[in-house]
Structures are given as C-alpha cells and as structure tokens.
Amino acid sequence: MSALAKTLSKVLLSFFEFDIKDIIKFLIFAVLIPFLLIALLFAGPITGAEKLPLINTEQIKMYIDVANKVSESTGSKYSERVQINWRQLVAIDAVRFQQDFSKANSYEIEELAKMFIEKVDEVEERSGEPPNEIVEVYPIYKLRSLDEVLNLLNFSASEKEKVKEFIEFDFSLLLNSAANLPDNWIAVEKNFKWPVPGVYRITSGFGPRVDPVYETMGFHSGIDIAAPTGTIVIAAADGEVGYAGWNGGYGNVIYITHNGGYETRYAHLSSIAVKQRQIVKSGDVIGYVGSTGKSTGSHLHFEVRIGGRAVNPLDFFK
Ligand SMILES: [Zn+2]
C-alpha cells in the first residue's frame, strides 16, 4: 500500500471514531434545538395573537374616520343616519388581510363600509314649475347586519367565526387614555376636595378616547367616576355656581367658578341641589350622581378648567 493510500484510509477511519454519545449530542445541539427554536419563532406569534388584531392606533383611527364619514353621508332631512360599526370593519379586515393592516387604505375601507348600507327607498323633492322644475333625490338607507355583509363577501364558516372573535377584542387599551392608577388608589386632597366622597373608581381618564356612545374619535374633557345613582356630589372648592341646569350631552350639570380662573364641572347628575349664582363652600353637597345626557351608565363626569381650558383633574389629586 502506498503512503498516500495509508493516510487516506486513516482519515476515512477517523470519521467513524465518533462515540455514539457524540452523535446524540450533535443531533440534540445542532439539529433538534435549532429546529425547535425556529419552530417556536414561527408558531409563537401565530397562536399568541390569533384573537388580537395586530393593528396600531393610527390604523384604528382610519377605520373610525371612514366608518363615520360613510355613516354621515346616509343622513338627510328625510331619514336618520345609519351608524356603521368600525369594530366590524376592523374584524373583517383582520381576517381579509390576515392581520397585515399595512394593506388597509381608506379607499378599501370605504368600499367595505359601504357594504353595510343598503339603499331601501328614496324621496323625490320637487320645487319650481316645469320646465324649470328642480328635482332633488334623497336616498333612504338601512344598515346591513354583519352576517349579511359576511355573506356578500363569501366568507366561509370558519372565517365568519374568526371575525366574531376579533369583534370581542377590547380596543380601549389602544385608544383610551387610561387613568393609570394603582388598585386601591385614593385621592390626595390638596387644593380640591374629591367630588364623590370615598368613591375612587375611575372608568375613563382624561384625554383622547373613542366616544362610548357614537364610537367616534373624540377627546374626553374630564374623568368619569363610577358611582350608583343618588350618591352625593360635593363642591371641590369654595366658589360660585356659574350654571346649574340641563346642557345637552352633559345632561344635568353644575359649573362652579373658583378664584384664580378655575372652574369645575359636574355632569350627568340625577338631580341638582344648588341654584345659579349660589355661593358654595368646599365640601357642600351640590347634587347627586346620575346618568343624564349622553351617558352609558351611572357616573360623575368631573372636569377642571383653567381659563376655560380643560385640564386633567387627576393632576390635582396625585
Ligand atoms: Zn366623562
């Protein structure tokens, strides 16, 4: 055998000198673990986020704006507007775009939103005499149900199921300014007294939020303190009642003006215990919690304004 052949056979043999343990180690560390890690990487986001639309705040606002624009176009003096639910649009697109909301654009959302409205009639309004007669046509719309729209889109049974799961998702964390208070938080009273003594359950903070009644994007000018109807409401500081009575969305409301350009407002009251121009002392009972005006449940909407501008009431109690 030549020297070359000997060396070659040695090299070849050395490949078979591995211990069976080494082979198992190699299989575990070089094959199995990387495989599992890669599998986890792909499986993780799919299973974890399946029921949670991967949408950002800007994209949600686009859906809200379009839903509102299309809803507004349906109203006229002959018919009330129909309200399209933006959550349904988001849920449909979560399935349609397989969660890739970068595919969403306002044109496509508008097309989808229009599927929710159906023209059921029209009113012709004539003015003037022929040949100068002017005819104006006012369409009358009805809202289609989610199921009707899903059928129009030819969604399968499992896709319909997914849409309904997505609708359950609570977007409030993405959209609403939370009060961000720890559990068992208690107001620290410095310049102001807490308006609902002993009740510190804040259901909506100050700042941008989705309107709970119209589901449009808005700004919450105060904080909502949840309390049963009839719970007493007190004046946060000494002052004069600037207004006490009904005011639209506020329902029964009291405005109190204080020294230094401050004003506090107490809204949705079930009843009012003070009169306009009345001088009140800090801690006086001025009214009772209720749900009057634009409200979805019994609570006090409390505002603090400086020079007319609403500021975060919680800044005075932390
Ligand atoms: Zn409020």
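A: This is a predicted model, and the secondary structure of its protein chain comes to eight helices and 15 strands. Of the 318 residues in the chain, buried ones make up 25%. Among contacts between residues at least 6 apart in sequence, 62% join residues at least 24 apart.

Q: Why are α3 and α5 called oblique to each other?

A: Helix α3 (residues 57-72) and helix α5 (residues 106-115) pack at an angle of about 45 degrees, their axes being 9 Å apart. Angles under 35 degrees count as roughly parallel and those from 65 to 115 as roughly perpendicular, and α3 and α5 are therefore oblique. The crossing in which α3 passes α5 is right-handed.

Q: Which residues of α3 and α5 meet, and what is the make-up of the contact by class?

A: From α3 come Met 62, Tyr 63, Val 66, Ala 67 and Val 70, and they meet Ser 106, Ile 109, Glu 110, Ala 113 and Lys 114 of α5. By class, this contact of α3 with α5 has seven nonpolar, one polar and two charged residues.

Q: How do you know that the span of α3 is close to the expected one?

A: With its 16 residues, α3 reaches 22 Å from its first C-alpha to its last, and 22 Å is also the value expected at 1.5 Å a residue.

Q: Which residues of α3 are buried?

A: The buried residues of α3 are Ile 60, Met 62, Tyr 63, Ile 64, Val 66, Ala 67, Asn 68, Val 70 and Ser 71. As background, an α-helix has 3.6 residues a turn, so residues three or four places apart point the same way.

Q: What makes α4 and α7 oblique to each other?

A: Helix α4 (residues 86-96) packs with helix α7 (residues 157-167) at an angle of about 135 degrees, and their axes are 8 Å apart. An angle has to be over 145 degrees to count as roughly antiparallel, while roughly perpendicular covers 65 to 115, so α4 and α7 are described as oblique. Here α4 passes α7 in a right-handed crossing.

Q: Which residues of α4 and α7 meet?

A: Arg 87, Gln 88, Ala 91, Ile 92, Ala 94 and Val 95 of α4 meet Glu 159, Lys 162, Val 163, Phe 166 and Ile 167 of α7. Sorted by class, the contact of α4 with α7 has seven nonpolar, one polar and three charged residues.

Q: Why does Phe 169 count as partly exposed?

A: Phe 169, found in the loop between α7 and α8 (172-175), has 17 C-beta neighbours inside 10 Å. A residue needs 20 or more to be buried and 12 or fewer to be exposed, so Phe 169 counts as partly exposed.

Q: What makes Asn 154 and Arg 277 exposed?

A: Asn 154, in the loop between α6 (146-152) and α7, has 7 other C-beta atoms within 10 Å, and Arg 277, in the loop between β11 (271-272) and β12 (279-280), has 10. The limit for an exposed residue is 12 or fewer, so Asn 154 is exposed, and so is Arg 277.

Note on methods. Residues are numbered from 1 along each chain as its sequence is written. This is a predicted model: local features need pLDDT of at least 70, side-chain atom pairs count only at pLDDT 80 or more; totals for chains, interfaces and linings use all residues. Axes are lines fitted to C-alpha atoms, for helices over the stretch in contact, and angles run from 0 to 180 degrees between N-to-C directions. Helices (H or I, at least four residues) and strands (E, at least two) are DSSP runs, numbered from the N terminus. A crossing is left-handed if the near helix is turned anticlockwise from the far one by less than a right angle, and right-handed if clockwise. Two residues are in contact if their C-beta atoms, placed from the backbone, lie within 7 Å. Ala, Val, Leu, Ile, Met, Phe, Trp, Tyr, Cys and Pro count as nonpolar, Asp, Glu, Lys and Arg as charged, and the others, Gly among them, as polar. The expected span of a helix is 1.5 Å times one less than its number of residues.
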